[in-house]
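Please open the structure in your viewer and keep the selection panel at hand. The stops below say what to select next and what is there.

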Amino acid sequence: MKINKYIEEAEIKAGRKAELAKVLKISDGYIRMVKTGRRGFSDDVCIRLADYIGANRLEVIAASNLVTEKDEEKKKLFESCFTTEASVIFLMVINE
């Protein structure tokens with residue numbers, strides 16, 4: 001999932017971007033930079049965001065890192081944070 005989806009979900013919950021910025025303890029300008037792909041969130045902001053919307057912390061951190069990561073090997077590692085959990089859930093369901 002892209003970081004923008006997490007941000008949009010949090011903006012809906014917060015009602016306003018300024019309110020979300022307060023929750024995340026950052027500026028709304030920082031949120032804009034992440035949404036436009038110029039920056040990623042620091043890990044602590046990712047954790048606050050994940051906790052606020054009830055998302056998986058590791059997935060939000062990975063999504064944020066994918067915003068600016070250029071190294072293909074590292075990108076694949078971050079992308080695996082999404083597929084690994086989905087695979088585990090799928091295996092749990094089919095083995096019930």
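Among contacts in the protein between residues at least 6 apart in sequence, what percentage join residues at least 24 apart? The share is 47%, and, like every value on this tour, it is computed from a predicted model.

**The whole chain**

Begin with the protein as a cartoon, where the secondary structure comes to six helices and zero strands, so that from the N terminus on the elements run α-α-α-α-α-α. If you then colour by burial, buried residues make up 33% of the 96 residues.

**The nonpolar core**

Next, select Ile 3, Tyr 6, Ile 7, Leu 20, Phe 41 and Leu 49, which are the residues with the most contacts inside the largest nonpolar core, a set of 26 residues. Two or more residues of this core come from each of helix H1 (3-14), helix H2 (17-24), helix H3 (28-35), helix H4 (43-53), helix H5 (57-68) and helix H6 (72-94). The largest share, six residues, is given by H4.

**Helix H4**

Stay with H4 and show the side chains of Val 45, Cys 46, Leu 49, Ala 50, Tyr 52 and Ile 53, which are the buried residues of this helix. Because these residues cover an arc of only 160° around the axis, they lie on the same side of H4. Just after H4, select Gly 54, which takes a positive phi of about 75°.

**Where H1 meets H2**

Now show H1 and H2 together and look at their axes, which come within 8 Å and cross at roughly 105°. That angle is why H1 counts as roughly perpendicular to H2. At this meeting place, Ile 7, Ala 10, Glu 11 and Ala 14 in H1 meet Lys 17, Glu 19 and Leu 20 in H2.

Select Leu 20 by itself and display what surrounds this residue: leaving aside its neighbours within four places in sequence, Leu 20 is in contact with Ile 7, Ala 10, Glu 11, Ala 14, Ile 31 and Tyr 52.

Move on to Lys 25, which lies in the loop between H2 and H3. Is Lys 25 buried or exposed? Lys 25 is exposed, with a relative accessible area of 65%, and this residue has a positive phi of about 65° although it is not a glycine.

**Ser 64 in H5**

Select Ser 64, which is found in helix H5 and is buried, with a relative accessible area of 1%.

For the last stop, select Cys 46 and Cys 81. Cys 46 is buried, with a relative accessible area of 0%, and Cys 81 also counts as buried because its relative accessibility of 17% is under the 20% cut-off. How many disulfides does a search of the whole structure find? The search finds zero.

Methods:
Residues numbered from 1 in each chain as written. Predicted model: local features only at pLDDT ≥ 70, side-chain atom pairs only at ≥ 80, totals over all residues. Heavy atoms only, no water. Core = buried A, V, L, I, M, F, W, Y, C linked by side-chain atoms within 4.5 Å. Buried < 20%, exposed > 50% of the residue type's maximum accessible area, 1.4 Å probe, protein only. Helix = DSSP H or I, 4+ residues; strand = E, 2+ residues; numbered from the N terminus. Contact = heavy atoms within 4.5 Å. Arc of directions from axis to C-beta. Disulfide = S-S within 2.5 Å. Axes fitted to C-alpha atoms, helices over the stretch in contact; angles between N-to-C directions. Parallel < 35°, antiparallel > 145°, perpendicular 65-115°, else oblique.
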